[in-house]
Amino acid sequence: MDKQRRKFLKIAGVTALAGIGAPALIRLTSSTALASEHGAAESHAAEAVHGAPVPAAPPGVRLGMVIDMRKFSEQPEMLDNAIAACNDAHNIPQFDNRKSEIKWIWKAPFENVFPTESSYHLAKNVEKADFAVLCNHCDDPPCVRACPTQATFKVKANGIVAMDYHRCIGCRFCMAACPYGARSFNWQDPRPYIKKYNKDFPSRMRGVVEKCNFCGERLALGQEPACVEACKGTGAMVFGDLNDAQSEIRQVLDKEFTIQRNAELGTKPSVFYIV
Amino acid sequence: MIEKTLKGKPAYWIWLAFLGMFMAVGVACYARQYLFGLGLTGMSRDVSWGLYISQFTFLVGVAAGGVMLVLPYYVHNYKVFGKITILGEFLAIAAIVMCLLFIMADLGQPLRALNVVLHPTPSSMLFYDMIVLNGYLFLNILCGWVILTAERKQVHPPKWIYFFVYLSIPFAVSIHTVTAMLYCGLPGRHFWLSAIIAPRFLASAFAAGPALIIIACLILKRVANFDAGKEAMNKLVTIIMYAALLNTFFVLLEVFVGYYSNIPGHKHSIQYLFFGLEHHGHMYNNLVPFMWTSAVLNFGALGLFAWPYARKKNEFLLGLSCVMIFIALWIDKGLGFVFAGFVPNPLDEITEYIPTANELGITLGIWATGFLVVTLLYKIAVGVEHEIEQ
């Protein structure tokens, strides 16, 4: 049962990324299947020319996100919309106590999101800004390493760090292992606390861990992640294949200076911030 | 030999009933938790492990401590421990039973526990912990039972058992090393991310385990007419002293690294434990009284141990210092070490953890179960001992 489900997820991911029946995603990853290898080869060549000690890009698709905080400070309500879109899409329960909170994407100040960066005399606009916080879908995820049942795993086809809610035993080792505080645990039955039930996405049971899934289920249908869609047209959130030199996200990354959360821990996060 | 548990003085039955009462409370509390979820505990999104995992961590140490009797007796042929080695092995069994119960109590989906076996994951330290804990439990049951049976029949134990006895020694070290590795390999949890965690765990284990055995021996001397012998007790005190000193040394090294380097990540949890952390105008210092109690008890016990009259002539003072060191190490590892690792959280926020009554009920219930197991096992061991003497 579990194996079949996982297999389906993998296949769905691959099909979506290959652009089959996925018009909306064609823009994102139109030439993914072919271009990623091509792109990777190209970047290897570039490294060789410059002799820069850049680690070799892993093969295949690696989905990532750029969060442009300049855009969010222009339209602060946009982040609320993005969070609401995620909450609605994923049946995220709303508890009024901090203890039981379930969060996939949420807001936090710079000093909390980047505790290892200096917050001393921070630019006023950055100090006041609310940063979007979500799972970093690390290329080397400590949570996957720690999980004793492979209930959390990296999807080979696209690099998403996914969860199997039916296999999770609720030991919460992944929560201790995650250096980003991205994981939530269902301390009680979440269903009574779901405001608007979306029947297209499973709700969870008590006693399992959950987190952002980069909208794997929407990607499979050729849609963008819910939060990215909520910011459509603004460039506040750019989503795509980090290994594809032609992708929109790579164009942004090639041009802009970005930072990553706790990059010094070697987890290779796939979420980038333009401050 | 099991029949020995069925005959006893009234005090024995009253003690069992007393433990049974706590066990019943534990079962009732667990039923509530099972039906509602772990939301009945004080754990939160930020402090995602609480009393259950911290007790587990401490008790793995108590179990490993048994090796401090097995090793001198079997490897160095230290005959003085002949009478009490079985107590170390049986204590290890009870401690591991408690460990496994605490793990089960902590699982969000306990019915899926076998997924750890069905989907083995060699990258996870919990996978190895499962192997070594169950292995050590099995080894202690096997060795304890076979050797005690041989002793009862007054014959030499079969040769093959020594393979398992020697195997249990690296297993004892490995259970606590792997338990330390659950913590010390996690990026971003600076308090735990220290190579000295495993040696520190072992040092405190080799003090806490033998301290509990001395306490048990003093009780058995009074209630069961079982004398471990002066020399054995003295040797155990020496072991406890060295281990407790090493543990203290390791903790102080952590304090030095944190404060001298002045790196916030290395300092914050220690600051939180001993002085409290101020954050946005609020002082978070729940654990401060506990940690200072631990420090005072630790040094107090070391002082008493160092005083020859207290450790050799006065059994009350000897028992007291063992109780003191046991409580000190329990606070240090069974409370502070696990809770402080989550403070501050990865987003530099602070949530404090306060266990709920229901959680305490389950915890006491599991401790009572452990004491029940050790009582029954010691009853058998002492019963066999008396049988031989007759």
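**A walk through chains A and B**

Helix 3 and helix 7 of chain B are oblique to each other. This is a predicted model, so let us see where that description comes from. Two packed helices are described by the angle between their axes and the distance between the axes. Here the axes of helix 3 (residues 67-75) and helix 7 (residues 161-184) of chain B come within 10 Å, crossing at roughly 140°. Only angles over 145 degrees count as roughly antiparallel, and the crossing is left-handed.

From helix 3 of chain B come Val67(B), Val70(B), Leu71(B) and Tyr74(B), and they meet residues of helix 7 of chain B including Ile169(B) and Ala172(B). In this contact, 8 residues are nonpolar, 1 is polar and none is charged.

Next, step out to where the two chains touch. Chain B gives 31 residues to the contact and chain A gives 40. On the side of chain B, helix 5 (115-118) and helix 6 (125-152) each supply at least two residues. That side of chain B has 12 nonpolar, 14 polar and 5 charged residues.

Finally, visit a few spots in the backbone. Most residues other than glycine have a negative phi, and most peptide bonds are trans. Yet the bond from Val343(B) to Pro344(B) is cis, with omega near -10°; Pro344(B) sits in the loop between helix 13 and helix 14 of chain B. Asn91(A) has a positive phi, near 55°, and counts as buried because it has 21 C-beta neighbours inside 10 Å. Gln154(B) also has phi near 55°, but with 8 such neighbours inside 10 Å, Gln154(B) counts as exposed.

How values were computed. Residues numbered from 1 in each chain as written. Chains lettered and ligands numbered in written order. Predicted model: local features only at pLDDT ≥ 70, side-chain atom pairs only at ≥ 80, totals over all residues. Axes fitted to C-alpha atoms, helices over the stretch in contact; angles between N-to-C directions. Helix = DSSP H or I, 4+ residues; strand = E, 2+ residues; numbered from the N terminus. Parallel < 35°, antiparallel > 145°, perpendicular 65-115°, else oblique. Left-handed = near helix turned anticlockwise from the far one by under 90°. Contact = placed C-beta atoms within 7 Å. Nonpolar A, V, L, I, M, F, W, Y, C, P; charged D, E, K, R; others polar. Buried ≥ 20, exposed ≤ 12 C-beta atoms within 10 Å, placed from the backbone.
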